[in-house]
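Dear colleague,

Please read them with the coordinates open beside you.

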Amino acid sequence: MDNIVIFGATGAIGQSIARQLHNEGASVFLAARHEAERHSLASELGARHASFDAHDEASIAAIIEEATKAGPITGLIWAVGSILLKPLGKLTKDDFATTFALNVTGAALAIRYASDSLKAGKGSVLLFSSVAASQGFAAHGAIGAAKAAVEGLALALATEMAPDVRVNVIAPSLTRSKMAAPLLSNDIMAKGIAQSHPIRRLGTGDDFASLASLLMNPEHSGWMTGAIIPVDGGRGVLRTKG
Ligand SMILES: NC(=O)c1ccc[n+]([C@@H]2O[C@H](COP(=O)([O-])OP(=O)(O)OC[C@H]3O[C@@H](n4cnc5c(N)ncnc54)[C@H](OP(=O)(O)O)[C@@H]3O)[C@@H](O)[C@H]2O)c1
């Protein structure tokens, strides 16, 4: 029986993945900070759920302990994150600490607390980096560094935890979500960013759900680990036509 924990389950991507996995018959545990949205999604799916804060190690450990009560964890998805856009001159030490806590350290702690259970469940871990991990964008100093660290973390853990546990990464480009909302509030700017993708639109949560499901399922992706997979409308490696 699947036992898949989704951290950041009330985000745009986390929600889409939770619905897809639930519709396919998996048992999902929703870990999220936002109370009202977590309760609403949990009652829609009839799913187990609890709150956590990525800055609070004990709350991450408690999620793993709670989720493990249903049996070994077969999947762990860390869909927590942020987009902090500031030029270097405005970035503080706290900005780096917060960005790393949300994107890297929290994920590493969740996997650490879950590692015995993941090994027992021959589990699959999915992390999210960004197109900004491998391509330069102005004002992305903190988030670009953190997302590159997500990829480094995934490669190290994919090696360390093999062959029992697989660890893969999806690298999105700009996707309609809470964190992207400030960048997309201006229609002209949103259209301009959409046009910078060879597939000329922004991402949606649903663009990630089927791939996440495939990566969770060892029958479909059992020989995939350490993969960093762009889901980015082509923006990471292609140039747009004129
Ligand atoms: N959206 C994009 O353009 C984009 C681009 C590249 C990479 N990504 C990555 O894709 C993943 C999913 O993001 P998304 O697109 O679904 O964005 P989203 O809708 O903004 O979701 C982000 C999630 O992170 C959670 N979160 C933020 N701070 C937290 C904290 N301190 N403790 C616990 N949870 C916290 C949010 O919780 P609340 O629901 O409580 O706010 C939310 O559920 C993230 O890793 C993100 O960095 C997204």
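Predicted model: local features only at pLDDT ≥ 70, side-chain atom pairs only at ≥ 80, totals over all residues.

Ile 229 belongs to strand β7, and, once its neighbours within four places in sequence are left aside, its contacts are Asn 168, Val 169, Ile 170, Ala 171 and Leu 211. Between the C-alpha atoms of Ile 229 and His 49, which are 180 residues apart along the chain, the separation is 28 Å.

The sheet to which β7 belongs is open and has seven strands, paired in parallel in the order β3-β2-β1-β4-β5-β6-β7. Its edges are formed by β3 (48-50) and β7 (228-231), and since each of these has a single partner strand, one side of each is left without a neighbour in the sheet. On average, and with direction ignored, neighbouring strands of this sheet are turned by 15° against each other. Helix α2 (residues 35-45) packs on the sheet, where it touches β2 and β3, and its direction makes about 170° with that of β2.

As for the pairing itself, strand β1 (residues 4-7) is joined to strand β2 (residues 28-31) in the parallel sense by four bridges, and Phe 7 has Ala 31 of β2 as its bridge partner. Four bridges also join β1 to β4, again running parallel, with Ile 4 opposite Gly 75 in β4. Going on from there, β4 pairs with strand β5 (residues 124-128) in the parallel sense, over four bridges, and here Ile 77 stands opposite Leu 126 in β5. Strand β4 (residues 75-78) is covered on both faces, with Gly 75 and Ile 77 buried on one side and Leu 76 and Trp 78 buried on the other.

The largest nonpolar core has 64 residues, and Ile 6 and Leu 30 are those with the most contacts inside it. Helix α4 (residues 93-120) gives the most to this core, contributing nine residues. Not counting residues up to four places away in sequence, Leu 30 touches Ile 6, Ala 9, Ala 18, Arg 38, Leu 41, Ala 42, Ala 47 and His 49.

The C-alpha atoms of Met 216 and Leu 202 are separated by 25 Å, although the two residues are 14 residues apart along the chain.

Finally, there is the ligand, which has 27 residues around it, of which Gly 11, His 34, Gly 81, Ser 177 and Met 179 come nearest. By class, this shell is made up of 12 nonpolar, 11 polar and four charged residues, and helix α1 (residues 12-23) gives the most to it, with three residues.

With best wishes

Definitions and conventions. Residues numbered from 1 in each chain as written. Pairing = 2+ DSSP bridges. Helix = DSSP H or I, 4+ residues; strand = E, 2+ residues; numbered from the N terminus. Axes fitted to C-alpha atoms, helices over the stretch in contact; angles between N-to-C directions. Contact = placed C-beta atoms within 7 Å. Core = buried A, V, L, I, M, F, W, Y, C linked by C-beta atoms within 7 Å. Buried ≥ 20, exposed ≤ 12 C-beta atoms within 10 Å, placed from the backbone. Near = placed C-beta within 6 Å. Nonpolar A, V, L, I, M, F, W, Y, C, P; charged D, E, K, R; others polar.
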